[in-house]
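Please keep the sequence and the structure in view while reading.

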Amino acid sequence: MNIEDAYLTALKQNPVVENGRTRPQYCYYDGPLTDIVLQNFIQVPTDNFSEFFSHNHLPIPELIAISHEGVVHFNEMPADIIDEIHQQRTQYKVVDYIHADSFFADPLLALNVAKQRNRIYCGHPTIDGLQICYYRGELPEHGIENLLHLELDQAIEFFVDTAYRLPTKIELPDELEDELKTSIRSGFETIVNEVKQQRRTLISQLLAQAKQVTPKFHDGEPLKIMLPSSRLTTVMQYCSRAVAKAFEKRGYQVWFYMEDGEMETNNLIKFYRNYIEFNPHVIFYVNQLNNLALNDNVTHISWWQDSMPQITEHKALRWRGNDYVFSISPVLDRHLALTGAKNIVRQHFAVDDEIFNTDGDIERQNKVVFVGSSYLNSVDLSRPEQREIVEVFIDKIDNGEIVTESMAGEIAVRFGLPPAFVFWNLLHYAIRDYSVKWLCESTAMPVEIYGRYWEQDPDVAAHFNGELKHGTQVADVYRSARYALVSHPFEINSQRLAEAAACGCIPLVYDCRDVAEKPHWDDACLFFKTRRELLEILKTQARPALSPTVIAERFTYTAAVDNFIKHSNIGELSQAKQSRISMFVGR
């Protein structure tokens, strides 16, 4: 549309139903930038049309409006252009995002970009952020959350004290002289460096202050438990939130701490200020030891669920007497022990039984599902040595042989690759991705695959149903299916097993009982070691002796929290509070 027609149409806020939701009609135009703050009124240069829409998530225009003698005529957008944009968007991965948090010298440009609500890369392969557009100058009042006014003389004070991400790009008008552009960029770089220095100084001060803060007992108040997490986690944030809810049900005063929205970073200044104010008795982390700033009287609980670099590098960590360590598997136990951790307690995965259960009116269909990402992006099968190792693994697996960590290590040495990569990437790829491929060969019943990257596998793509948001969407899929695939090289008691079983879905489990820690749930699962065995289960539509829901009773967050309390000093702290005696200080 031309600018006048686009503005008048955008004003009407015509409703458009998309994916079951109603939004205003978007009106795009090619013309001068304006200070009109309507969020559905956006300038789009026609000479950059396809590339523009290929790098954002805005609604793709389906009509071209042409004004002639006061009458607006509509033509359909060429199908090849729409198809090209859709194709580019499917290939547009988070790590390839071209947008960045920016400071704009031109407020009108900042306004137009902010309306686009572009996504930016935040260091995580799948979780992105909302682009922040900082601007100098003046604009009318607006409700655009990612459009923030900031004059340069206020920048240092603002950025030292905010949790918003710093801009990594400066947008300057083309008409400015190059010398002036260079000067502005240099000045802004000086500001950013000063902000970083002041932040380091302030963080150092807050760390020292936090170290001196001793938890207090107050009559009638429960113990305080703080559970920090980050939105840049795919599972850990949901786990920490569920643990927080279970502690709260047990009567503790709980604070689940995470970034406020998609524009914040995990800012240490904000975190330690909140920590000092809350002054917890207990701090709880998933997959992290973070005790350097803790007073000796503060209890630190860590629950390890993944092979994080902090423990797989096997460097000695500073474990205190008040640090309590929980792990989901013997593999993680060994890593933790090599960092100096003592008295490691088993705590398997847990599921939120308010979400993962057999409630609801979804009809269970005779189908098999898998929910989880492909390991395809963790390997490079164009490299002959990786492809050959996978072929070795598949040959062993389909002959019913269990590939142990030591066996994978020997194969890694033979091919000159790091043992950890061969075990954690290539073996996991072979077992997970090939069991999914085998599943897709079945003609006995429908197969549905959910997760990431499966569209890149031609053997699976026809059965791929997209990604699911963790929680209710995943539970509904399990509630709708008779069977769910659960495949892991060395573990039976996985998160996937617990979630599927809790929803009454029969787990089809890769049989690694030879190396997996008990319980194995022999009567509540169906096991396979080979392609033939998996397809035979589906062909005969076998059933286990017991309902899979018996597994779920062991994997609740309530049971997990009771285990944390039992094997830490939380119970002693509670008794000390009730008796008004001094805080327990480590062992």
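## Helices on the sheet

Helix H7 (residues 236–249) lies across strand S13 (224–228), S14, S15 and S16, and runs at about 170 degrees to S14. Helix H8 (residues 268–278) packs on the sheet as well, touching S13, S14 and S15, and its direction makes about 175 degrees with that of S14. Contact here means heavy atoms within 4.5 Å. Axes are lines fitted to C-alpha atoms, for helices over the stretch in contact, and the angles run from 0 to 180 degrees between N-to-C directions. Helices (H or I, at least four residues) and strands (E, at least two) are DSSP runs, numbered from the N terminus.

The model is predicted: local features need pLDDT of at least 70, side-chain atom pairs count only at pLDDT 80 or more, and totals for chains, interfaces and linings use all residues. Residues are numbered from 1 along each chain as its sequence is written, and side-chain values use heavy atoms, with hydrogens and water left out.

## The sheet itself

The sheet is open and has six strands in the order S14-S13-S15-S16-S17-S18, with parallel pairing. Strand S14 (253–257) and strand S18 (345–346) stand at the edges with a single partner strand each, so one side of each has no neighbour in the sheet. Two strands pair if DSSP finds at least two bridges between them. Strand S15 (residues 282–286) and strand S16 (residues 299–304) run parallel and are joined by five bridges. The bridge partner of Ile 283 in S16 is His 300.

## Aromatic rings

Rings of Phe, Tyr and Trp (its six-membered ring) pair if their centres lie within 6.5 Å; planes under 30 degrees apart count as stacked, over 60 as edge-to-face and the rest as tilted. By this rule there are 30 aromatic pairs. The ring centres of Tyr 134 and Phe 159 are 5.2 Å apart and their planes stand at 75 degrees, so this pair is edge-to-face. The pair links distant parts of the chain, with Tyr 134 in strand S10 (residues 133–135) and Phe 159 in helix H5 (residues 155–161), 25 residues apart.

Phe 158 and Phe 159 also form an edge-to-face pair, 5.1 Å centre to centre with 75 degrees between the planes. Buried means under 20% relative accessible area, exposed over 50%, and partly exposed in between (1.4 Å probe, protein chains only). Tyr 134 is buried at 0% and Phe 159 is buried at 1%, whereas Phe 158, at 26%, is partly exposed. Elsewhere, Phe 247, Tyr 252, Phe 284, Trp 303, Phe 326, Tyr 557 and Phe 564 form one aromatic cluster.

Which residues of helix H16 (residues 531–540) are buried? They are Leu 534, Leu 535, Ile 537 and Leu 538. These residues cover an arc of only 150 degrees around the axis, which puts them on the same side of H16. The arc is that of the directions from the helix axis to the C-beta atoms. On the other side of H16, Arg 532 and Lys 539 are exposed.

The cover over the buried residues of H16 includes strand S19 (365–371), helix H13 (419–441), strand S21 (481–486), strand S22 (506–510) and strand S23 (526–528). After H16 comes Gln 541, whose phi is positive, near 50 degrees.
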